[in-house]
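Hello,

Here is the structure you asked for. My notes on the contacts follow below it.

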Amino acid sequence: MAFEPWQRGEIPGPIKAVVINKPEMVPALVKKAKKPLFIVGTGALRDEFNGKFPIDYAIRIAKGGNIPVVATAQTVVEFKRRGFTPTARMSLMEIGGRLTDPEWSVSDNGAPHDLVLMLGLGPYYMEWLVGSGLKSFAPHLKTISLNRFYQPHCSWSFPNLPVEEWYKNLEKIAQGMEKK
Amino acid sequence: MSKTRIKFDELVTDLVKAKGLEFSVGRIIKEWEEEPGPTPMPDIGTFREWDHKLLTKYKPFYLPWCDLCCLCTFGKCDLSKGKRGACGLDMKAQLSRFVLLSCSIGAATHCGHARHMVEELIAKFGRDHPLDVGGENVYLEAPNIRLVTGIKPRTLADLEDVLDYCETEIVHLLSSCHTGQEGDNIDFESKVFHAGMIDHVSMEVADIAQISTYGFPKADPDAPLIEVGMGCIDKSKPVILVIGHNVPPAVEIADYMRNHGLEDSIEVCGICCTAIDLTRYSQKAKIVGPISFQLRFVRSGFADVIVVDEQCIRTDIVVEAQKVHAPLISTHYKNFQGLQDRTGDSVDDIVRDLVEGRVPGVAILDSEKAGEVAVRVATAIAPKRKKFKIVPEESAVIEEAKKCRKCYACVRVCPNTLPIPEALEEASKGNLQPLSELYESCVGCGRCEQEGICPAQIHPHTLIVGASKRRIAEEKHKMRAGRGAIQDVEIRRVGQPIVMGEIPGVVAFVGCANYPGTWKEVPIMASEFTKRRYIVCTTGCAAMSIGMYKDENGQSPYEAYPGAFEAGGLINCGSCVSNPHISGAAIKIASIFAKRKLRSNYEEIADYIHNRVGAVGVAWGAYSQKASSIASGFWRLGIPVIVGPHGSKYRRMLLGRKDDKEAWYVIDARTGKSAYAGPVPEHLFIAAETMEEAMVLIPKLCMRASDTTKGRAIKLNHYIDLHRRFFGELPDDVHLFVRTIADIPVTMKDEVMALLKEKGWEENENPNPDPTLLPRLVRAKSEG
């Protein structure tokens, strides 16, 4: 699908996300980062495909890369149902605001984050806005959207993808993260 | 205080001979018993220090929609990654300017509405018409006006002085947005708060004027139940639909019908706040639904005449009305809609032209004339129109659905990304259920039907309505008419338990119908907190949505819960301009219960409310600039507001940092010493991702520094209980809200104690300070 915002009226500006053409680049970026963070929202509980949900891949990615996870809204319930405990539960706006602080870390006394992965952060426009907030006010961060639709305010994003292809990409990323 | 105006029809003296001479003499202060406070008629800089205190606790988190500023001809300017525009503004300042623009538009809209209304009511009822919003039950009739301006309004004419002040402030606020003015984002934010404060004053003017003149319910907890929902509309009769916010033309319609014995032979119904205010005037009027119902109702063809006034009207209403052959009458100069102004023509001529279809509509800027024209046209045209509609029958919906190519163009323009293609696929097989289910989550914008969107020329919104006919026929609900103000005696009863925390909070569900999902989320939330013995207030479209819901007993929440301002009450104050009765209730608690001086004493009252009155606003479907200014009026009083996901598009949150202990100290007014109060309330403005998240935020944001241990335990009980229900676990921040062991809810003691131990919690040495952010109140107290 096209390399353009999913919602027609969304026009981002001159700086747009680099498109993730090869999902393998995501594990490479994560492994290069000093202190990645993974934010997973309720959008990860939608778009079932072949009995799987995006949250299932989020767990594999987080476990594989040993990445701390912040679950927003009630996503935490589904994580725990799958036997995974996120590092923290915060509202999307809270975690967005907190990440503009270059000293902040989700782990007590931990090093500040330098890379944020995002998956399913509410409706499309909420992730758009939080991505934009971080682009403008968290220059210390790089951001990767793992959503099915293009999020141009992130540093890297998939283009708009058919659901099957999106799941294939998530699988490849999970496998890449699980490789030792 | 008022302006004195003197008018001579004819004046002949030794010096002067004049006709139609009118002049006014400055302001004459009519004193009243309360001494003037420190800040009468504050300007945009007066409360800068107070605002900065709040903005130090609640820092803006900006969410740029795009990287650009395109407000002047220097631009477009790219403000991304720390760049400044050609004028010098950076992204934070630009976004705060945008919020100020939005709030200034909102405040100007309410103020303009109030001015128009007051002028019309003075012309009809006279300048000396007394203000009365609740007789003996409401001595404190205008809390916002008294608090901000220092004026105690007694007559309609007094309201003009208030509006003079508001208009001046709005001009200054708007001018601050000009290129080359303010450059600091926090100072812009302070002005945002000012716009909100002015907005509440303006709205209060509008509502107390209409309550006092039109005989609306006067602070009546037992205001009548009225009908709401498309299924309530009797389409066997001629139907007049009113849309907007300015009720006088609709009142004239009702009056004309009554005076001509037509009340039972014509149906008058409304959408948006004019509908709410009309049902405060006439219980025979009906409410179709909130703002999102405009397209679906107009296209259903029920309405034989459509009368619009101002605000929240679809700006393509002429086009839509023409599609169903319904004449349109515009009654307001803010909203000519391209129609010819026929105010000066005879009623007979206008009626003839509309009934014969010579013109699509007319503008009539005389409410009385518009009322007569509307009724006569409806009567004459109804037999000709035969309820002409463009909503298809179910069989036609199925045929249309077969044309869908699943290109998702409709989804990509839908604000709620509704699964339209999947629903159409089912419809094409004869199953209309999925399409009908979209009815509840469709905000009625019609973007899916715009020219050039669907390559197969399908009209999804219309098909959704066509598939929902049975659902629409069952849309018959009850809603309590807007009661207006809160009685002083009600405040006396609940003031103490609110301030002590024993009534866990006042929750206000307000605002528009741009919901992120089904509108039922609003009544679900309202019912939950009413059951939990919060005081639940509501206004506007949210009040309608609450009414359009039936519980397991088939009752609407208004039937299930009392309309009194008490624990477990559900209080519909009225339309948008009734919101100041909610902020006014908080102000009254400080004034009536706590006996704080009210008159032009804003800062002290706001400080009291922020630290003691556990109130929170929820604007789940906020879409408008007015909604932003209403919210900002609450912010300056230190009252938090939660919005739904679409509210993130206001592009700025005001978030506290609970992990920053230094941010949460207050001054103990008893000693003057600093005291840690915990992160209460934690945020001032936040968008929730889901209803469940909002329902956990509400009890949390109702906590206040003044809570007694019993009150804090009650509030924590609700917070923990809802957190566990929706998030499946104990909140990991409970330790921040437990000041002393006695704060812990008894039934949760073991698990909370375990968490406190894990967190290394220590008891607060001063768990119950007399909290203030204003050092001057310490001195005042010791002197007193």
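B:R652 and B:E189 form a salt bridge, with the closest N and O atoms 2.7 Å apart. Please keep in mind that this is a predicted model. Two salt bridges are found across the interface of domain 2 and domain 5 of chain B. Polar contacts across that interface come to 35 residue pairs, counting pairs with both residues at pLDDT 80 or more.

Several elements of chain B build the domain 2 side. α1 (48-57), β3 (59-62), α2 (91-125), α3 (143-149) and α5 (185-214) each supply at least two residues of the side that touches domain 5. α5(B) gives the most, with 16 residues. By class, this side of domain 2 has 34 nonpolar, 15 polar and eleven charged residues.

Now the domain layout. Chain B is divided into five parts: domain 1 (1-30), domain 2 (32-214), domain 3 (230-385), domain 4 (394-473) and domain 5 (477-775). The contact between domain 2 and domain 5 of chain B takes 60 residues from domain 2 and 61 residues from domain 5. The centres of these two domains, taken over C-alpha atoms, are 23 Å apart.

How much area do domain 2 and domain 5 of chain B bury between them? The figure is about 5100 Å², with 65% of it on carbon and sulfur atoms. Within domain 2, B:W50, B:Y58 and B:L147 lose the most area to domain 5. Together they account for 16% of what that side buries.

Next, the contact between the chains. Chain A puts in 48 residues and chain B puts in 48 residues. The buried area between chain A and chain B is about 3700 Å², and carbon and sulfur atoms give 56% of it.

How many salt bridges are counted between chain A and chain B? The count is six. In one salt bridge, the side chains of B:R657 and A:D101 meet at 3.2 Å, N to O. There are also 21 residue pairs in polar contact between chain A and chain B, both residues being at pLDDT 80 or more.

On the chain A side, α3 (75-81), β4 (88-90), α4 (92-99) and α5 (124-137) each supply at least two residues that touch chain B. α5(A) gives the most, with ten residues. By class, the side of chain A that touches chain B has 21 nonpolar, 18 polar and nine charged residues.

One residue to look up in the viewer is B:E729. B:E729 sits in the loop between α26 (709-727) and α27 (734-737) of chain B. The side chains of B:E729 and A:K80 are joined by a polar contact of 2.3 Å. Leaving aside neighbours within four places in sequence, B:E729 is in contact with A:V76, A:K80, A:R89, B:H723 and B:R724.

Last, the aromatic rings. Over all chains, the count comes to 19 aromatic pairs. A:F49 and A:Y167 form a tilted pair, at 5.2 Å centre to centre and with 35 degrees between the planes. A:F49 lies in the loop between β2 (36-40) and α2 (54-65) of chain A, and A:Y167 lies in helix α6 (residues 163-178) of chain A, so the pair ties together parts that are 118 residues apart in sequence.

Best wishes

Note on methods. Residues are numbered from 1 along each chain as its sequence is written. Chains are lettered from A and ligands numbered from 1 in the order in which they are written. This is a predicted model: local features need pLDDT of at least 70, side-chain atom pairs count only at pLDDT 80 or more; totals for chains, interfaces and linings use all residues. Side-chain values use heavy atoms; hydrogens and water are left out. Domain bounds come from an automatic or database domain assignment. Contact means heavy atoms within 4.5 Å. Buried area is the accessible area (1.4 Å probe) that two parts lose on being put together, summed over both. A salt bridge is a side-chain nitrogen of Lys or Arg within 4 Å of a carboxyl oxygen of Asp or Glu. A polar contact is a pair of N or O atoms within 3.5 Å; within protein, one must be able to donate a hydrogen and the other to accept it, and residues adjacent in sequence count only if both atoms are side-chain atoms. Helices (H or I, at least four residues) and strands (E, at least two) are DSSP runs, numbered from the N terminus. Ala, Val, Leu, Ile, Met, Phe, Trp, Tyr, Cys and Pro count as nonpolar, Asp, Glu, Lys and Arg as charged, and the others, Gly among them, as polar. Rings of Phe, Tyr and Trp (its six-membered ring) pair if their centres lie within 6.5 Å; planes under 30 degrees apart count as stacked, over 60 as edge-to-face and the rest as tilted.
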